[in-house]
Amino acid sequence: MKVTIDGIAIDVEPGTTILNAARQIGGDIVPPAMCYYSKLKDSGGKCRTCLVKVSKGSEKDPRPMPKLVASCRTTVMDGMEVQNITSPEVIEARKGIVEILLLNHPLDCPICDQAGECDLQNLGFEHGAAKTRYEFDRRTFEKIDIGDKIQLHMTRCILCYRCVFTADQITDHRIHGILNRGDHSEISTYIQAAVDNDFSGNVIDVCPVGALTDKTFRFKNRVWFTKPVDAHRDCDHPGCNGKVTLWYKGEEVLRVTARKDQYGEVEEFICNTCRFDKKKTSDWVIDGPRHISNKSVINANHYDFVPLPVVKTNPVLIEANKEQFERDTRL
Amino acid sequence: MARKLLLTNINVPGINTFDVYRANGGYASVEKALKTMSPDEIVEEVKKSGLRGRGGAGFPTGMKWSFLAKPEGVARYLVCNADESEPGTFKDRYLMTYIPHLLIEGMIVASFALGAKTSYIYVRGEMMPQIRILEKAIAEAKNKGFLGKNILGTGYDLELYVQPGGGAYICGEETALLESLEGKRGNPRIKPPFPAIAGLYGCPTVVNNVESIAAVVPIINEGGEEYAKIGIGRSTGTKLISAGGNVKNPGVYEIDLGLPVEEFLYSDEYCGGIANGKRLKAVVAGGSSVPILPANLFLKTINNEPRLMSYESLADGGFVSGTMLGSGGFIAYDEDQCIVRNTWNFTRFYHHESCGQCSPCREGTGWMEKVLHRLEHGHGKLSDMDLLVDVSKKIEGNTICPLGDAAAWPVASAIRHFRDEFEWHVTNGAEAVTRNFGLAHYADPLPKKEETVA
């Protein structure tokens, strides 16, 4: 099926969503996604950041769709024409969504362990406005304890439902879910049960914000001071193949996560033993450094070359400046 | 006096019992449909009648039925949406309380037309008396052979169940209703797939409003073409309107669509005018989610033509100067009502009822409520009006289900038509908490339309 996104045509399989078609093209035209997770069935459609405009429905029925549609849940039709960053309407709507998502977000990035690898930070940086117009107290929640491995910060949650789907589809039973309704709905376990399961740690990886973080890594370090290194081990847990990323500070492994691709999605889910208990280099076989996009702040503290003194003729810095300039002036 | 179709026998004593209802010509449509008509003929008849969904959106019921997927070996369901929770609308409750057999009769005919063997009536949780009434009525009908196995010896089986909801407004949205009916959290589903393809338990499902289903009974009894003669244009048949607010005679009225609004509001047969000799300030024509209109724009369209109670005429002028028929929750405001307070109240409702699934509605409704609260209590700013319009635009159309739109429209329209009242709340903040803005010029005749030279 042929679909055109922002003027770029691509042939995709029937049943592909607009978002995945855009990901096959890649680049700037990929809509951001906060709740969609390609490894989780039925996820998506909730955060509305991936809204796009369908300016031509299909070859058969060329009428445009009346509203903006969630690209993660809309499948392509043959001859469909989609506008993402070429439509001012979409840019405007997305800006509104980002403002709305940040409305009740505490913005405690300086003390948040997710800072540096947070989807909401990236989203706000790329698509948001500089200031909020919200002048009221931000919503807070009673803190609840969900066990000794996972830390829940409900105030940071954007209710993407990813962790709910993860518990349903990856673990063998789900203890946490959404309680209450509207803007006081929260991720919680009923009567503070502990989330304890062989795969429960994956909710940390899928969480786009700092609502679910690793207690064993809590306040240990900023992610951009740590070095990601790919490693594997023979995990005896069926369902886990032990392929992980180790985050080093010096000689020490500070945390273990699954390997994440450029959209922040894990390649394979890992078990809790690998994630929480194996924190020695001797437990692992090192595969080499993890490639991190040079747009990520984790790369700011580049570990594979010695930082150069800032001189005007430095091509690396000129290149970095250019990238920064492009990023700032693109929208 | 227009002829009533649904509420013909509403004043017969004991009409809520099977025997009295049957003696007054009840269940004739079941006999006619099951014995002499095929399911397709019934759908055709409903199509011919031009009946449009009475729950709010006004989608043609016959079309909806014909879209139902009919794969082999898969059950089909009919679900009656009796989760009537729109502020201002109470017609379904009235119908279910006083004439429950009409709904059951309609359910049997509609289920037969759609080939459903099991049908549900999803009733809002707060309506416990109505649930008991319906269950009693179902038991009576079953006892007389109109429900259960082999109805009237035609070989058609139908089980009818009443399911109480939890009292959430969002469960009136059809996919949230299905989720709730399945026993899950009442979150609207992301469409497509539509319920006609994969609805209840993944099977093709039709969800209809109580009044739409009840209207099938006169359509079958008298024929679709007869029914289509009532009304005007594409708004055919009769409609129950729940009149409330500051009218002299509030209550449920059955009107022919196309009745002038002036007659509906001021004639003694219907609302009887504004209570206590006051003047009309504004009207919400179809339940809290439709745009509010000032009196002058409500009685006359922008072209100075009289406005009629019909889907088209009320929507005349689009969102700029029109409104919608919605679910028929007619609320009139007299000169002593505060539009800012009313808008705040509506927004508070939507804030409370938002399911929290998608972000614009979850956060945006709360934001609008806080800003309106500030305005109503005299602490607002002049920039708040633009902010509210902007936030409502960010919500409208960007949500999974229509609740976002429903929350945005009343705010946007109130600011559009009553901006001076909002501004007065800012400029005269201290005064605004002690007295109301009053009628101002909202009831003045519309200015003459300027002739444009061709």
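In chain B, helix H17 is followed by Gly397(B), a residue whose phi is positive, near 80°. Here helices are DSSP runs of H or I with at least four residues, strands are runs of E with at least two, and both are numbered from the N terminus. The model is a predicted one, in which local features need pLDDT of at least 70 and side-chain atom pairs count only at pLDDT 80 or more, while totals for chains, interfaces and linings use all residues. Residues are numbered from 1 along each chain as its sequence is written, and chains are lettered from A and ligands numbered from 1 in the order in which they are written.

Helix H17 itself covers residues 383-395 of chain B, 13 residues in total. From its first C-alpha to its last it reaches 19 Å, close to the expected 18 Å (1.5 Å times one less than the number of residues). Several of its residues are buried, among them Asp384(B), Met385(B), Leu388(B) and Val391(B). A buried residue has 20 or more other C-beta atoms within 10 Å of its own, an exposed one 12 or fewer, and a partly exposed one falls in between, with C-beta atoms placed from the backbone. The buried residues of H17(B) pack against partners from both chains: helix H2 (88-103) of chain A, and helices H16 (359-376), H18 (403-417) and H19 (419-427) of chain B.

This leads to the meeting of the two chains. Here 22 residues of chain B are in contact with 25 residues of chain A (two residues are in contact if their C-beta atoms, placed from the backbone, lie within 7 Å). On the side of chain B that touches chain A, helix H15 (339-353), H16 and H17 of chain B each give two or more residues. H16(B) supplies the largest share of that side, with eight residues.

The largest nonpolar core holds 197 residues, and Val79(B), Met107(B), Val109(B) and Val283(B) touch the most other members. Such a core is a set of buried Ala, Val, Leu, Ile, Met, Phe, Trp, Tyr and Cys residues joined through C-beta atoms within 7 Å. Helix H6 (residues 100-114) of chain B makes the largest contribution to this core, ten residues. Leaving aside neighbours within four places in sequence, the contacts of Val79(B) include Tyr120(B), Leu177(B), Leu181(B) and Val207(B). A second, separate core has 15 residues, including Ile170(A), Val244(A), Ala258(A) and Cys271(A).

Chain A contains seven helices and 13 strands. Its C-alpha atoms fill a box of roughly 60 × 60 × 45 Å along the principal axes. Of its 331 residues, 39% count as buried. Among contacts in chain A with a separation of 6 or more, 64% come from residues 24 or more positions apart.

A few places in the backbone deserve a look of their own. Two cis peptide bonds follow one another in chain B: one joins Lys191(B) and Pro192(B), with omega about -5°, and the other runs from Pro192(B) to Pro193(B), with omega near 5°. Pro192(B) belongs to the loop between helix H8 (174-181) and strand S4 (205-209) of chain B, and Pro193(B) lies in the loop between H8 and S4 of chain B. Asp42(A), though not a glycine, has a positive phi of about 70°. Asp42(A) sits in the loop between helix H1 (18-25) and strand S3 (51-56) of chain A, where it is partly exposed, with 13 other C-beta atoms within 10 Å. Asn150(B), also not a glycine, has a positive phi of about 50°. The loop that holds Asn150(B) lies between helix H7 (128-143) and strand S3 (159-164) of chain B, and with 10 C-beta neighbours inside 10 Å, Asn150(B) counts as exposed.
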